[in-house]
Amino acid sequence: MTTRESMTIPKSKKSITLEKEIETKVRKIQARLIEKTDQSWSISMVLNMLVTGGLTHTKKMSKAEWQKVKTMVEDKEVSFDDSMITDFVKKSVNNHISCNHRYFKLI
């Protein structure tokens with residue numbers, strides 16, 4: 001029987017380029033998670049959480065919403081309200097996400 005603790009998830013190291021606005025917001029999320037949980041949060045952990053959350057949310061988004069996201073990225077007009085960061089951190093902390101485990105509970 002395989003348990004979560006005994007599963008090894010393969011990792012792949014990649015170099016990516018983020019829009020400056022996205023990097024700034026991700027670093028703000030990272031800083032607030034560290035502050036609120038008093039734990040270490042790597043930038044890759046935060047990005048993996050955000051990507052996983054986005055992927056799990058895909059069925060809930062309409063074609064128009066996906067087009068809006070695509071257009072924002074293509075036009076380099078990616079902007080976020082700081083309330084989104086606060087909401088993400090609040091939900092993450094309230095749902096006991098722990099970076100010390102090989103898994104995390106999605107919001």
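**View 1. Isoleucine 34, a partly exposed residue of helix 1.** With a relative accessibility of 36%, isoleucine 34 counts as partly exposed, because that class covers the values between the limit for buried, under 20%, and the limit for exposed, over 50%. This residue is found in helix 1, and the model in which it is shown here is a predicted one. When residues up to four places away in sequence are not counted, isoleucine 34 touches Gln39 and Trp41. Isoleucine 34 and valine 89 are 55 residues apart in sequence, while in space their C-alpha atoms are 9.8 Å apart.

**View 2. Lysine 25, a buried residue of helix 1.** Lysine 25 also lies in helix 1, but its relative accessibility is 11%, and it therefore counts as buried, since the limit for that class is under 20%. Which residues does lysine 25 contact, once its neighbours within four places in sequence are left aside? The contacts of lysine 25 are then with Phe80, Asp82 and Ile85.

**View 3. The packing of helix 1 against helix 2.** Two packed helices are described by the angle between their axes and by the distance between those axes. Helix 1, formed by residues 20-37, and helix 2, formed by residues 43-56, pack at an angle of about 110°, and their axes are 10 Å apart. The two helices, helix 1 and helix 2, are therefore roughly perpendicular to each other, because angles from 65 to 115 degrees are placed in that class. On the side of helix 1, the residues that meet helix 2 are Val26, Arg27, Ile29, Gln30 and Leu33, and their partners in helix 2 are Ile43, Val46, Leu47 and Leu50.

**View 4. Helix 3 and the residue lysine 76.** Helix 3 runs over residues 63-74 and has 12 residues, and from its first C-alpha to its last it reaches 16 Å, which is close to the 16 Å expected at 1.5 Å a residue. Just after helix 3, lysine 76 takes a positive phi of about 55°.

**View 5. The protein chain as the setting of the close-ups.** The protein chain contains 4 helices and 0 strands, and from the N terminus on its elements follow the order α-α-α-α. Of its 107 residues, 17% count as buried. Among the contacts in the chain with a separation of 6 or more, 68% come from residues 24 or more positions apart. The accessible surface of the chain comes to about 8,600 Å², and 55% of this surface belongs to carbon and sulfur atoms.

Key: Residues are numbered from 1 along each chain as its sequence is written. This is a predicted model: local features need pLDDT of at least 70, side-chain atom pairs count only at pLDDT 80 or more; totals for chains, interfaces and linings use all residues. Side-chain values use heavy atoms; hydrogens and water are left out. Axes are lines fitted to C-alpha atoms, for helices over the stretch in contact, and angles run from 0 to 180 degrees between N-to-C directions. Angles under 35 degrees count as roughly parallel, over 145 as roughly antiparallel, 65 to 115 as roughly perpendicular and the rest as oblique. Contact means heavy atoms within 4.5 Å. The expected span of a helix is 1.5 Å times one less than its number of residues. Buried means under 20% relative accessible area, exposed over 50%, partly exposed in between (1.4 Å probe, protein chains only). Accessible areas come from the Shrake-Rupley method with a 1.4 Å probe; for residues, only the protein chains shown count as cover.
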